[in-house]
Amino acid sequence: MATTKSNFVAVREFIRERTGMVLDDSKNYFVETRLQIICKEDGYESVDELMNTLIRRPFSELADKVVDQLMVNETYFFRDNAPFKVFEEKVLPKIIEKNSDKKSLRIWCAAASSGQEPFSVCMIIKDKFPALANWKVEFEATDISSQMIERCKSGVYSDVELRRGLPPSLKSRFFKQNGVNWHLSQEIVSMVKFSQLNLVRPWPRLPKPDVVFIRNVLIYFDVETKKKILDNLMRLLGPGGYFFVGGGEIPASLGAAVESLGSGAYQVK
Ligand SMILES: C[S@@+](CC[C@H](N)C(=O)[O-])C[C@H]1O[C@@H](n2cnc3c(N)ncnc32)[C@H](O)[C@@H]1O
C-alpha cells in the first residue's frame, strides 16, 4: 500500500523541527526505506501506521528511533584527508605554542557520527605529538543520535570501515582484530567523552574549546539554522579559536569574521 503523501510531509516537518535537517520531496524513498526498518523491528504493519503513531506521539521512544534512522551518518577515518593535514601541520602546532604555559588542549567534535572523525584526531595526537602526553587533553564528541554515541563508545569497527581511509601504520598500532571486527585501543577510546547534543537546540554550557570539528552536518540545515549554529560556535570559540567545516559549508557572509586556513579550516578573527 502506498504511503500517504500528507504523512511524508508531516514526518519531514517533524524531522526539520527536531533536528534542523531539511528533507525535500526527493527524499521520500529514503524516508520510506529507513522507516521500514523500524516497522520490521517493532511490528508496524505499514510505514503509514508508523507515521500516524509518530504524529500522535512526537515525544516518544518511537520519535527518537525515527530521528536515529533518518540521520545521514556517512563518515570514515581521515575523511577528505587534507583537513587532517591542516590540523596536524598548522592548527595543532599553533595551539601548542599558544597554550604551552597551561599545557591544556580542548577539542570538540560536534557531529561525531560513528566516531571515525574524533578518533582520527586522537590518533594524530598520539602518533605525531608525543609531547602532549603530559598535557591535559580534553576531548568532547557529540551527536544528535543516541545510537551513534553508543557505537562511538564501543570503539568497534568492521574491516570495511577500517579500509576506508585508515593508514596501515595506524591500523597496526591502534587496532586489534577480534573475530570479524576490529577493536580500537582503549588508549584512544578513553581520550574522548561522548554525549548526545542537538545542535539546533540551545547548547548546554560548554567550556571554551581550542578547536571544533563540525564537518558535513551544516549542509543538512537551512541557511538560517546554519547561520545560528555558526554564530553560536564563533561566540563559544572567541577570537583566535579554530574550527573545521565540510567543503562549501561556510556561508560567504561569514567571510569577514574568519580567516581561512584552507581545506575547511578557519580561525575566528
Ligand atoms: C554525515 S555525518 C558527518 C560525520 C562526520 N562529522 C564527518 O564529517 O565524517 C552527519 C552527522 O550529523 C549528525 N546530526 C544531524 N543533525 C544533527 C543535529 N541537529 N545535532 C547534532 N548532530 C546532528 C548526524 O546524526 C550524523 O551523525
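Two strands count as paired if DSSP finds at least two bridges between them. In this predicted model, S1 and strand S7 (residues 211–213) pair in the parallel sense, with three bridges between them. Within this pairing, Trp-108 has Val-212 of S7 as its bridge partner. In general, the strands of a sheet pair through backbone hydrogen bonds, in either a parallel or an antiparallel sense.

S1 and S7 belong to an open sheet of seven strands, whose order is S6-S2-S1-S7-S8-S10-S9 and whose pairing is mixed. Strand S6 (192–196) and strand S9 (258–262) form the edges, each pairing on one side only. From one strand to the next, the twist averages 20°.

## Helices packed on the sheet

Helix H5 lies across S1, S7, strand S8 (242–244), S9 and strand S10 (265–268), and runs at about 125° to S9. Helix H7 (residues 146–154) also packs on the sheet, where it touches strand S2 (136–143) and S6. The direction of H7 makes about 165° with that of S6.

Cys-152 is a residue of helix H7. Is Cys-152 buried or exposed? Cys-152 counts as buried because it has 26 C-beta neighbours inside 10 Å, and the threshold for a buried residue is 20 or more. Leaving aside residues up to four places away in sequence, Cys-152 touches Ala-112, Ser-114, Gly-115, Ala-141 and Phe-194. Cys-152 and Ser-195 are separated by 43 residues in sequence, and their C-alpha atoms are 9.7 Å apart in space.

The domain assignment divides the protein into domain 1 (5–70) and domain 2 (82–268). The C-alpha centres of domain 1 and domain 2 are 29 Å apart. Seven residues from domain 1 and 11 residues from domain 2 take part in the contact.

On the side of domain 1 that touches domain 2, helix H4 (residues 61–70) gives the most, with three residues. By class, the residues on this side of domain 1 are three nonpolar, two polar and two charged.

## Surroundings of the ligand

The ligand is surrounded by 24 residues, of which the closest are Met-71, Thr-75, Ala-111, Ser-113 and Asn-216. Which classes of residue make up the shell around the ligand? The shell has 10 nonpolar, nine polar and five charged residues. Domain 1 (5–70) and domain 2 (82–268) each supply at least three residues to the shell.

## Residues with positive phi

Most residues other than glycine have a negative phi. Phe-78 has a positive phi, near 50°, in a residue other than glycine. Phe-78 is located in the loop between H4 and helix H5 (82–98). Phe-78 is buried, because 21 other C-beta atoms lie within 10 Å and the cut-off is 20 or more.

Lys-103 likewise is not a glycine, yet has a positive phi of about 50°. The loop that holds Lys-103 runs between H5 and strand S1 (104–109). Where Phe-78 is buried, Lys-103 is partly exposed, because 13 other C-beta atoms lie within 10 Å, a count between the limit of 12 or fewer for exposed residues and that of 20 or more for buried ones.

Key
Residues are numbered from 1 along each chain as its sequence is written. This is a predicted model: local features need pLDDT of at least 70, side-chain atom pairs count only at pLDDT 80 or more; totals for chains, interfaces and linings use all residues. A residue is near a molecule or strand if its C-beta atom, placed from the backbone, lies within 6 Å of it. Ala, Val, Leu, Ile, Met, Phe, Trp, Tyr, Cys and Pro count as nonpolar, Asp, Glu, Lys and Arg as charged, and the others, Gly among them, as polar. Domain bounds come from an automatic or database domain assignment. Two residues are in contact if their C-beta atoms, placed from the backbone, lie within 7 Å. Helices (H or I, at least four residues) and strands (E, at least two) are DSSP runs, numbered from the N terminus. Axes are lines fitted to C-alpha atoms, for helices over the stretch in contact, and angles run from 0 to 180 degrees between N-to-C directions.
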